Each structure stands twice: as C-alpha cells, then as structure tokens.
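Look at the pairs in turn.

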Amino acid sequence: MSADTHNNKQPGAVLTALEVMEIDKEISHAPYRSAVAIDALKIVQKYHGWVSDKSLQALADYLDMSAAELDGIATFYSLIYRHPVGEKVISLCDSVTCWIKGYKQLQQHISGRLGVGLGETTGDNQFTFLPAPCLGACDRAPVMMVGDETHVDLTEDKIDRILGADSDNSDGGQA
Ligand code: FES
C-alpha cells in the first residue's frame with residue numbers, strides 16, 4: 001500500500017512547488033512517507049546544489065520525520081551535501097581497494113592540480129574535492145565520481161584528461 005500524498009501536509013515556503021511535486025511522486029510509490037528520505041534529499045539537492053538546515057527541517061516535517069533522523073540519513077549518505085559545494089563535486093574513493101591501488105598519490109595529484117585539499121572548493125567555485133566511501137566498482141579501482149559520472153581505472157593521466165575539459169588550472173593533459 002502506498003503512502004498518502006494528500007494527508008494535509010503543508011510543505012511551507014522552503015520547498016518549491018516543483019520539489020513538492022517530485023517528492024509527492026516518490027511518496028505515491030512508497031509504503032510510508034519517510035521511506036523516500038534519500039530520494040527526497042536528492043531532489044532538494046538537485047535544485048539547490050546542497051541541503052541547507054532550512055531545507056532539511058522543511059523536508060523532515062513533510063516526511064513525518066525528525067530533523068535529526070533525516071540529518072542522520074543525509075550525513076550517512078556521502079553523495080548528499082550538507083554544506084555548499086562547487087558546480088561539480090569530485091568524490092575520490094578512499095576505501096581499502098582504492099587505497100591499495102594508489103589513492104594517496106591520486107589524491108595528491110588532484111589536490112595539486114586544483115590547488116585545494118580534501119573538503120575544499122576551488123576559488124572559482126568550479127570543483128569541490130571530497131573523499132568518498134566505496135563507490136561500488138572495486139574491481140576497477142581506483143575510482144572517483146565527478147558530478148554524476150563514475151570514472152574507473154584511474155591514473156594521473158586519466159584524471160588529467162577527465163578534468164582537462166573543465167579545470168581552469170588544467171595543464172592540458174592529452175589522451
Ligand atoms: S574500494 Fe573504491 S570503489 Fe570500492
């Protein structure tokens with residue numbers, strides 16, 4: 001049985017009509033409202049780039065959850081951002097297989113290329129560089145995501161090619 005999307009919930013002014021419409025669509029397929037928490041967080045993030053405290057509270061109210069409960073989910077899920085991020089997020093896997101296959105060297109390469117450390121955003125707001133837990137492609141480690149795209153079998157040259165098109169600090173690395 002699906003959750004009722006018309007149970008007199010008032011989304012308030014923080015969630016936009018478009019967000020509410022998309023969240024309601026998810027709720028209509030779910031057994032209960034809070035079951036769509038991750039999808040709803042993704043919807044809010046899609047329109048704002050990250051999930052602010054205000055958005056989190058509004059979303060928690062709309063999903064019949066406490067803000068703390070929803071924040072716990074958002075914090076656990078590494079691809080939900082609770083702080084402002086750049087236009088693209090580079091998520092470099094630092095779990096065991098990627099670590100063994102050269103994570104540290106690649107992390108230093110990306111940091112050197114962009115001029116930022118982990119957790120930082122470039123001055124032009126183009127990239128935020130974050131560590132990520134296992135991205136589910138261990139057999140093709142090392143792995144990173146840039147925005148929604150997953151990149152595997154990373155080398156420094158491959159990273160240069162991936163970031164070359166977008167990075168202001170690009171050294172113009174070629175295939
Ligand atoms: S350990 Fe990096 S993708 Fe699994």
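**Two helix pairs**

In this predicted model, α3 and α4 are roughly perpendicular to each other. The reason lies in the angle: the two pack at about 115 degrees, and 65 to 115 degrees counts as roughly perpendicular. Their axes are 9 Å apart. Helix α3 covers residues 53–62, and helix α4 covers residues 67–76. The crossing of α3 past α4 is right-handed.

Which residues of α3 and α4 meet? From α3 come Leu56, Gln57, Leu59 and Ala60. From α4 come Ala67, Leu70, Asp71 and Ala74. Sorted by class, this contact has 6 nonpolar residues, 1 polar and 1 charged.

Now turn to the other pair. Helix α1 spans residues 17–28, and helix α2 spans residues 37–48. At what angle do they pack? The angle is about 160 degrees, with the axes 10 Å apart. Angles over 145 degrees count as roughly antiparallel, so α1 and α2 are roughly antiparallel to each other. Here too the handedness can be stated: α1 passes α2 in a right-handed crossing.

On the α1 side, the contact is made by Glu19, Glu22, Ile23 and Glu26. On the α2 side, Asp39, Ala40, Ile43, Val44 and Tyr47 take part. The class count for α1 with α2 is 5 nonpolar and 4 charged residues, with no polar ones.

Methods:
Residues are numbered from 1 along each chain as its sequence is written. This is a predicted model: local features need pLDDT of at least 70, side-chain atom pairs count only at pLDDT 80 or more; totals for chains, interfaces and linings use all residues. Axes are lines fitted to C-alpha atoms, for helices over the stretch in contact, and angles run from 0 to 180 degrees between N-to-C directions. Helices (H or I, at least four residues) and strands (E, at least two) are DSSP runs, numbered from the N terminus. Angles under 35 degrees count as roughly parallel, over 145 as roughly antiparallel, 65 to 115 as roughly perpendicular and the rest as oblique. A crossing is left-handed if the near helix is turned anticlockwise from the far one by less than a right angle, and right-handed if clockwise. Two residues are in contact if their C-beta atoms, placed from the backbone, lie within 7 Å. Ala, Val, Leu, Ile, Met, Phe, Trp, Tyr, Cys and Pro count as nonpolar, Asp, Glu, Lys and Arg as charged, and the others, Gly among them, as polar.
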